[in-house]
Amino acid sequence: VGKSAIALALAEKIGGEIITVDSMQVYRGLDIGTAKPTAEERRRVPHHLLDVCDLKEAFDAAQFTRRARIAAAEIQSRGKTPVFCGGTGLYFKAFLEGVGEAPPGDARLRTELEAAPLEQFLAELRERDPATFEKIDRQNPRRVIRAVEVIRLTGKKFSAQQAEWKAESGKRKAENYFCFTRPTEDLHQRINVRVDEMFARGLVAETQELLKRGLAENKFAMQAIGYRQVAEHLRGERGLAETVELVKIKTRQFAKRQLTWFRHHGNCAWIELKTGETVKEVMAQIAPVAVS
């Protein structure tokens, strides 16, 4: 949608530093496929929470919240303004509302869970916590596994604990929280251009290297759009042209899910970006004093 360019220009204008809210850009090596900020962009504005963990490490909303609060405090201690930018809605929600006292992940249990089929955990969830089973995204292995992990570690229903965490944490009001959209045709065209650029920059070679470093063993990182489809291509499941088109389709579907999520959970101000609208014109809508 163009949020990164807006955040970059805004941070330059108001003396800010960017805290990246992206569940995939935290991984070292996932560069082209996640559209990670370039070296030039990082020279223009300091970025935080990029490349903070290895492919063999797990990362979740609780870790993001802890690291983001530390980064925000450090930025403000220098007289700068934190500018949060990204598309991982759960991380925004966790930062603003809290994640409660969820038990930390257990490495041995997590390894055991990730080795078993998703259907097994869905059945367990249906039996032990029907409320969570009805609401959870059953196509998202990471969330299903986490719900089962918490149930096994605590002996309590995940849904009951979520209610407790929500009641304890409350909501932190976000005064300057914006979500951007574009007309569908414009958004799809931008997605097509981005995907073509990713393949031109070497997404296939990047995926090959990441597979050597353990990408396939990280079930969460392997869900990243682009890498999963390219890995399938490298296994001979489809040709390159078909893979490029599939990545475009998956990205459009993901954009639609993001839009739905933020409309239901974002509690943000919506701005529809117009085709041809300049970054400065957008900035005037979100920080008029800064760009006057």
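1. **Ground rules.** Because the model is predicted, local features need pLDDT of at least 70 and side-chain atom pairs count only at pLDDT 80 or more, while totals for chains, interfaces and linings use all residues. Residues are numbered from 1 along each chain as its sequence is written, and side-chain values use heavy atoms, leaving out hydrogens and water.

2. **The sheet.** Look for three strands in the order β2-β1-β3, forming an open sheet with parallel pairing. Strands (E, at least two residues) and helices (H or I, at least four) are DSSP runs numbered from the N terminus, and two strands pair if DSSP finds at least two bridges between them. At the edges sit β2 (47-48) and β3 (81-86), each pairing on one side only.

3. **One pairing in detail.** β1 (residues 16-21) pairs with β2 over two bridges, in the parallel sense. Find Ile19: its bridge partner in β2 is His48.

4. **Two helices across the sheet.** Helix α1 (residues 3-14) lies across β1, β2 and β3, at about 175° to β3. Helix α3 (residues 61-77) also lies across β1, β2 and β3, at about 175° to β1. Axes are lines fitted to C-alpha atoms, for helices over the stretch in contact, and angles run from 0 to 180 degrees between N-to-C directions; contact means heavy atoms within 4.5 Å.

5. **A helix pair.** Which helix packs with α12 (residues 227-234) at an angle of about 160°? The partner is α13 (residues 240-265), with the axes 9 Å apart. The contact includes Gln229, Val230 and His233 of α12, and Leu240 and Lys250 of α13.
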